[in-house]
Amino acid sequence: QVFKTFGKKSKRSSGVKSEGKRKAVPTKLKKAIVPGSILILLAGRFRGRRVIFLKQLESGLLLVTGPYAVNGVPLRRVNQRFC
């Protein structure tokens with residue numbers, strides 16, 4: 001048996017194709033951040049460490065590295081707010 005619930009509307013397609021996922025628009029970089037610049041991490045396990053900015057990823061996060069051999073910071077994705 002199937003019981004109907006009252007007050008809840010079922011989601012039915014109205015015949016219009018729904019758009020796929022929107023592509024994330026990368027956040028704008030601060031003017032001072034350019035590839036090769038030195039950043040200081042403000043939060044997380046490596047807070048206080050100086051890292052090198054490599055590039056901005058499609059998601060808007062920054063790709064940074066220590067380099068690992070120098071100060072132990074591996075390739076990491078970091079939000080701009082924490083640099």
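Trainee: What does the accessible surface of the protein chain come to?

Mentor: This is a predicted model: local features need pLDDT of at least 70, side-chain atom pairs count only at pLDDT 80 or more, and totals for chains, interfaces and linings use all residues. Residues are numbered from 1 along each chain as its sequence is written, and side-chain values use heavy atoms, leaving out hydrogens and water. Areas come from the Shrake-Rupley method with a 1.4 Å probe, and for residues only the protein chains shown count as cover. Carbon and sulfur atoms hold 55% of the chain's accessible surface, which comes to about 7600 Å².

Trainee: In what order do the elements run from the N terminus on?

Mentor: Helices (H or I, at least four residues) and strands (E, at least two) are DSSP runs, numbered from the N terminus. The protein chain has 1 helix and 4 strands. Their order is β-β-β-α-β.

Trainee: What percentage of the 83 residues is buried?

Mentor: Buried means under 20% relative accessible area, exposed over 50%, and partly exposed in between (1.4 Å probe, protein chains only). By that rule, the buried share of the 83 residues is 22%.

Trainee: Why does Phe46 count as buried?

Mentor: Phe46 sits in the loop between β1 and β2. Leaving aside neighbours within four places in sequence, Phe46 contacts Leu41, Gly72, Val73, Pro74 and Arg76. Phe46 counts as buried because its relative accessibility is 7%.

Trainee: Is Arg47 buried or exposed?

Mentor: Arg47 lies in the loop between β1 and β2. Beyond four places in sequence, Arg47 touches Leu41 and Leu42. Its relative accessibility is 58%, so Arg47 counts as exposed.

Trainee: How many Å separate the C-alpha atoms of Arg47 and Cys83?

Mentor: Cys83 touches Lys30, Leu39, Ile40, Leu41, Leu42, Leu62 and Val78, not counting residues up to four places away in sequence. Arg47 and Cys83 are 36 residues apart along the chain, and their C-alpha atoms are separated by 9.3 Å.

Trainee: Which residues form a nonpolar patch on the surface?

Mentor: Patches are made of residues with over 30% relative accessible area and no salt bridge; like charges are joined within 9 Å, nonpolar side chains (Val, Leu, Ile, Met, Phe, Trp, Tyr) within 5 Å. A salt bridge is a side-chain nitrogen of Lys or Arg within 4 Å of a carboxyl oxygen of Asp or Glu. Together about 290 Å² of accessible area belongs to Ile40, Leu42 and Phe82.

Trainee: The side chain of Gln80 makes a polar contact with the side chain of which residue?

Mentor: A polar contact is a pair of N or O atoms within 3.5 Å; within protein, one must be able to donate a hydrogen and the other to accept it, and residues adjacent in sequence count only if both atoms are side-chain atoms. Gln80 is found in the segment after β4. Gln80 is buried, with a relative accessible area of 9%. At 3.3 Å, its side chain meets that of Thr27.

Trainee: The backbone oxygen of which residue lies 2.8 Å from a polar atom of the side chain of Ser37?

Mentor: Ser37 is found in the segment before β1 (38–40). Ser37 is buried, with a relative accessible area of 15%. The backbone oxygen 2.8 Å from its side chain's polar atom belongs to Val34.

Trainee: What is omega near for the peptide bond from Gly66 to Pro67?

Mentor: Pro67 is in the loop between β3 and α1 (68–71). Most peptide bonds are trans. The bond from Gly66 to Pro67 is cis, with omega near -5°.

How values were computed. Contact means heavy atoms within 4.5 Å.
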